[in-house]
Amino acid sequence: MKIVFTTALLLFTTTFVAQTDQKIYDIINAVSAERIGTDVKKLAGFGTRHTLSDTVSNARGIGAARRWIKGEFERISKNCNNCLEVFFQKDLVKKGANQRIVKDVWVYNVVAIQRGTKYPNRFIVMSGDIDSRITDPNNFTDDAPGANDNATGMAGAIEAARVLSKYKFESSIIYVGLSGEEQGLFGGQGLARYAAEKKWEIIGVMNNDMIGNIKGVDGVIDNRTFRIFSEPVPPTETEEQRRARRFYGGEVDGISRQLARYIHKTVKTYMPEMNPMMVYRLDRFGRGGHHRPFNDAGFAGIRIMEAHENYTQQHQDIREENGIKYGDVVEHVNFEYTAKLTAVNAINLASMAWAPPAPTEVGIGGIVEPSAKFRWKKSNDPNIKGYKIYWRDTTSPTWDYSRFVGNVDNFVLDGIVIDNFFFGVSAVSKDGFESPVVFPTKIFRN
Ligand SMILES: [Zn+2]
């Protein structure tokens, strides 16, 4: 009797550990609103961080800002035994590249890589932006504090590095400040090109752009809701893939959408006080952000952002008109909210960097049969506990049903008819960390 009891208890413990991990709660608690506040003020204090602004001064302009950011990453690295590789990645953008490039300019990104112990060439990226602007996008001299847009995203990336540099991960994490955003997404383009040249395997980019405003122009005050923007399918898909989608589905199941669902699920599990809002589009209506150049290059990437924007406080000359105070100044930023959204990033970076590689060559079968069938290529990672099949009603945004099927390379879901659901497969580590879900792209008929 005693032995039976012990086994049952062990089983219970294993299941419990697989559901949540204390380390993730520790990461949430370690994110400091105070440090983020200090950094947002510091960044806003450079006067302007316009991409074309002064690069010589150590007090004002984008040169001073990027050197300070690099210095912060280097300081963090010193505190973790040089665990970060910190460098400038830069590209020359020539005058006339578009109307917002009125002179030749070197667009600098500040990159900090925390190298993975097992998969050094697999990356999960958290980005913010260095640069700022006011009403005239070409005004590179007047004050443009860009406190919310986008000192918040930049401060978040620095804070995530402080917190996560205390841990070791199997995959690499990149914390990056991009510039040239307001002039036409040049920094993102530069780094996406650099990543492709270096043959980086990018699992996902979490781009943070405006993560500090809780009072919307719509009058809503909300410090719980935030948006996750993701495009439906990659723009790099082929005509053949597009045709296949018509018959096999996948219109709302591209790689960026799976990343969005992953983040949504992690937040629902570990930060139930927050309200993640998936938005099924690339970005706001007709507007852009720095995840897009990564999407253009075929990488999964999403935008994390406040739910309620305030247009009197972004891209505005600092002024008062008819009793309304215009301008993106520090006093409008809610540091607690920025800290929450930074924690959202940090726990997803950690979860993915601790997870095994996602299954590859995921296939699905079961046409005119009573059960859906799956095949995939197993990884030989000894840390893999097994694979999990997910499914959902075709109208549901989230993976509502799942079954852990063990360390196998195929499975039949008895009695689940292929026509009535969408399906996907993820890999699960021994301590319960999961890869993003892979939507099957191979079809088999026997
Ligand atoms: Zn902006």
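This is a predicted model: local features need pLDDT of at least 70, side-chain atom pairs count only at pLDDT 80 or more; totals for chains, interfaces and linings use all residues.

Visitor: Why is asparagine 322 called exposed?
Guide: Asparagine 322 has 4 other C-beta atoms within 10 Å. The limit for an exposed residue is 12 or fewer, and therefore asparagine 322 counts as exposed.

Visitor: Where does asparagine 322 lie, and what is its phi?
Guide: Asparagine 322 belongs to the loop between strand S9 (319–321) and strand S10 (324–326). Its phi is positive, about 50°, although the residue is not a glycine.

Visitor: What makes valine 368 exposed?
Guide: Within 10 Å of valine 368 there are 8 other C-beta atoms. Exposure requires 12 or fewer, so valine 368 is exposed. The residue sits in the loop between strand S11 (360–365) and strand S12 (372–377), and its phi, near 45°, is a positive value in a residue other than glycine.

Visitor: How do you know that the peptide bond from aspartate 149 to asparagine 150 is cis?
Guide: The value to consult is omega, which is near 5° for this bond. Asparagine 150 itself is found in helix H5 (residues 147–164).

Visitor: Why does the span of helix H11 agree with expectation?
Guide: Helix H11 (residues 335–354) has 20 residues, which should span 28 Å at 1.5 Å a residue. The expected span is 1.5 Å times one less than the number of residues. The end C-alpha atoms of H11 are 28 Å apart, and therefore the two values agree.

Visitor: What makes H11 mostly covered?
Guide: Of the 20 residues of H11, 19 are buried.

Visitor: How is the chain divided, and how far apart are the C-alpha centres of the domains?
Guide: Domain 1 comprises 20–354 and domain 2 comprises 360–443. Their C-alpha centres lie 31 Å apart.

Visitor: How many residues of domain 1 are in contact with domain 2?
Guide: There are 14 residues of domain 1 in contact with twelve residues of domain 2. Helix H9 (255–270) and H11 each supply at least two residues of the side of domain 1 that touches domain 2. The largest share of that side, five residues, comes from H9.

Visitor: What kinds of residue make up the side of domain 1 that touches domain 2?
Guide: Five are nonpolar, six are polar and three are charged.

Notes: Residues are numbered from 1 along each chain as its sequence is written. Helices (H or I, at least four residues) and strands (E, at least two) are DSSP runs, numbered from the N terminus. Domain bounds come from an automatic or database domain assignment. Two residues are in contact if their C-beta atoms, placed from the backbone, lie within 7 Å. Ala, Val, Leu, Ile, Met, Phe, Trp, Tyr, Cys and Pro count as nonpolar, Asp, Glu, Lys and Arg as charged, and the others, Gly among them, as polar.
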